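Please open the model in a viewer and follow the stops below in order. Each stop names a selection and then describes what is found there.

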Amino acid sequence: MFDWDDLRVFLAVARARKVAPAARALGIDATTIARRLARLEKALDAELFEMGAGERSLTVRGQELLGHAEAAESAALAAVEEMRGQERKLAGQVRLSVAEGFGTWVLAPGMGDFNRRHPGIRLDLITASGFLNPSKREADMAVMLARPQRGRLMVQRLGDYRLHLYAAPDYLARAGRPDTPAALRGHTLIGYVPEFIFSPELDYLDEVEAGLEAHLRSTSIIMQQRMIAEGAGIGVLPDFIGRRDAGLVPLMADRVEIIRSFWLVMHGDLRKLARIAAVADWLQERIQTLKPIDGTAPAR
């Protein structure tokens with residue numbers, strides 16, 4: 001007999017790619033997971049996973065089942081929300097994957113307001129290196145730096161943001177103030193670790209001046225901001241970070257300006273869920289904080 005609940009187990013393992021994290025997510029033991037996967041494969045007369053490098057990857061038949069299982073999951077979620085009634089729709093968990101800087105400076109200041117407006121929604125902000133993939137249901141939603149090119153996704157451009165060079169006054173007093181991008185070659189530059197740049201949109205320095213390399217590097221934009229603020233060197237920061245620190249000086253703003261975009265991405269099957277729509281509306285509100293604080297361009 002086919003057990004519908006075994007699809008839930010299949011989805012958890014397909015997304016986690018390992019039994020142990022799937023077991024934790026479902027609240028059942030790994031032995032039960034393995035037994036139910038075996039039962040599902042027997043019921044379907046199909047091998048769904050293959051092992052490799054310590055992970056379970058989907059076979060061709062597993063990939064075919066994944067689409068059907070996700071459709072069944074989405075239909076079940078929609079049915080539950082409809083049957084519960086409108087007053088209970090704004091409840092449940094939403095997992096949102098965001099870049100660290102966006103989460104820290106744009107979303108965190110508005111989290112209290114979101115919770116007061118939607119106390120029934122448990123909002124998880126995930127700021128791990130790299131974005132979780134909504135198409136694989138690693139996250140319900142993601143705010144990404146580039147538009148995804150594949151997957152059953154709904155993609156919406158949230159808005160643009162600008163980046164400029166910043167330095168601390170004591171660094172400029174000690175090392176001098178560069179007046180051209182080429183002059184940056186004589187300065188200590190702060191930036192990302194090239195091998196760990198999870199999105200090409202974060203590779204700023206070569207866009208400022210071809211061949212520039214950072215001398216002090218970090219995978220964390222928070223750490224980069226602190227190094228710049230403490231006078232360690234010059235670095236590129238989003239204006240929603242750099243302009244909120246009155247101690248930082250923008251450099252060559254009339255000559256060096258980088259523009260990037262934020263993209264809201266979610267799995268197409270989730271777009272009609274009320275709690276997802278509530279988070280999307282809140283993100284639209286928070287993106288307005290990216291506009292210049294006083295309506296003027298950064299000082300030059």
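**Stops along the chain**

Begin by selecting Arg 17, which sits in the loop between α1 and α2 (19-26); helices (H or I, at least four residues) and strands (E, at least two) are DSSP runs, numbered from the N terminus. The model is predicted, so local features need pLDDT of at least 70 and side-chain atom pairs pLDDT 80 or more, while totals for chains, interfaces and linings use all residues. Residues are numbered from 1 along each chain as its sequence is written, and side-chain values use heavy atoms, leaving out hydrogens and water.

Arg 17 is not a glycine, yet its phi is positive, near 70°. Its relative accessibility is 33%, so Arg 17 counts as partly exposed (buried is under 20% relative accessible area, exposed over 50%, partly exposed in between, with a 1.4 Å probe and protein chains only).

Next, select Asp 45 in the loop between α3 and β1 (49-52). Asp 45, also not a glycine, has a positive phi of about 55°. With 68% relative accessibility, Asp 45 counts as exposed.

Now display α1 (residues 5-16) together with α3 (residues 30-44). Their axes come within 9 Å and cross at roughly 115° (lines fitted to C-alpha atoms over the stretch in contact, with angles from 0 to 180 degrees between N-to-C directions). In the contact (heavy atoms within 4.5 Å), Asp 5, Asp 6, Val 9, Phe 10 and Val 13 of α1 meet Ile 33, Arg 36, Leu 37, Arg 39 and Leu 40 of α3.

Finally, select α11 (residues 274-287). Of its 14 residues, 10 are buried, so α11 is largely enclosed by the rest of the structure; among them are Trp 282 and Arg 286.

Note on methods. The expected span of a helix is 1.5 Å times one less than its number of residues.
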